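Q: I would like to learn how to read salt bridges and cavities in a protein model. Can we go through one case step by step?

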Amino acid sequence: MHLALALTTLLLANAATTPQAPKAPADLAAPPATAEKSESGLITNRLTPGSSTEHPAPGDIVKIRYSVWKSDGSVVDWTRASGPAMIAVGRMLPGWSEAVQKMVPGETRRAWIPSSLGGGKIPEGQSFVIDTELVGIVHPPQTPADVAAPPADATKTASGLAYKVLKPGTGTAHPSRHSTVLVHYSGWTTNGQMFDSSVMRDQPIEFPLDHVIKGWTEGLQLMTAGETMRFWIPANLAYGNEPGKPHGMLVFDVELLGIK
């Protein structure tokens, strides 16, 4: 008896916390007369206005909440309660990408996407209807012009680390090698290939300075809170020939957000 009651309680708890699939909109099969139709065949209708004037570009990453239905009303996908998704505009279905580029942050828009704009993901003769809320826009970091080698105005330390201040800090305290820091960063190999970026994830990272590569341990101690620096870290202060890691000199743009 007690076991049955426990199982019933568990099932009810799971039902309460499991995200429910979104219901198909009433105008799924027939866009309203107020909807906007583009030359490509895309139809969109703004549901709520935005709070900005900035539109995403094809190379941007967007933070969105969305729901996707087939033309028969069945659900394809939707964002769960964990928060907005991060998606590169250039990797969306062509029709969805076009719709999102019409939007501004804070806006919600419904798009009727024909198979011709589905990038091969929508069967011929069918369509998807997508509701999108644009939460924010993330601009990918630009590859530094001096990524191949430190410029003449970079400072070089005795270890071989080179650095340059891109933006002055707002404080005076420097972290020690045992400090924990909060940073935003992007990293490139010297051929301009980006291999990692917290900026692209829109999520800063926190770590103790004595648990990272030597170039970071040394370089971050030169910074103050609010400062952004570019580091050219030689292989012996980076990953060397460690399997699965980027090799050679690495270039990092680092913004020090905080020191613990």
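Predicted model: local features only at pLDDT ≥ 70, side-chain atom pairs only at ≥ 80, totals over all residues.

Q: How many salt bridges does a search of the whole structure find?
A: The search gives 14 salt bridges.

Q: Which residue forms a salt bridge with Asp-27, and how far apart are the closest N and O atoms?
A: Asp-27 pairs with Arg-110, and their closest N and O atoms are 2.9 Å apart. To see what such a pair connects, look up where each residue sits.

Q: Are Asp-27 and Arg-110 buried or exposed?
A: Both residues are buried. The cut-off to apply is a relative accessible area under 20%.

Q: Which residue forms a salt bridge with Glu-206?
A: Lys-260 does, and the closest N and O atoms of the pair are 3.1 Å apart. Glu-206 is in strand β12 (residues 205–208) and Lys-260 in the segment after β14 (250–259), so distant parts of the chain, 54 residues apart, are linked.

Q: Why does Lys-260 count as exposed?
A: Exposed means over 50% relative accessible area. Lys-260 counts as exposed because its relative accessibility is 67%. Glu-206, at 44%, counts as partly exposed.

Q: Which residues do salt bridges that share partners join into one network?
A: The network consists of Glu-36, Lys-102, Glu-107 and Arg-109.

Q: Now the cavities. How many of 30 Å³ or more does a search of the whole structure find?
A: The search finds 1 cavity of that kind. The volume of the largest cavity is about 30 Å³.

Q: Which residues line the largest cavity?
A: The lining residues include Trp-96, Met-103, Ile-130 and Thr-132, together with Arg-109 and Arg-110. Arg-110 is also the salt-bridge partner of Asp-27. As for elements, α2 (94–101), β6 and β7 (127–138) each give two or more residues to the lining.

Q: How do the residues of the lining divide into nonpolar, polar and charged?
A: The division is 6 nonpolar, 1 polar and 2 charged.

Key: Residues numbered from 1 in each chain as written. Heavy atoms only, no water. Salt bridge = Lys/Arg side-chain N within 4 Å of Asp/Glu carboxyl O. Buried < 20%, exposed > 50% of the residue type's maximum accessible area, 1.4 Å probe, protein only. Helix = DSSP H or I, 4+ residues; strand = E, 2+ residues; numbered from the N terminus. 1 Å grid on protein atoms, 1.4 Å probe; cavity = no way out; pocket = protein on both sides within 12 Å on 5 of 7 lines; lining within 4 Å. Points joined across faces, edges and corners; volume = space filled by probe spheres on them. Nonpolar A, V, L, I, M, F, W, Y, C, P; charged D, E, K, R; others polar.
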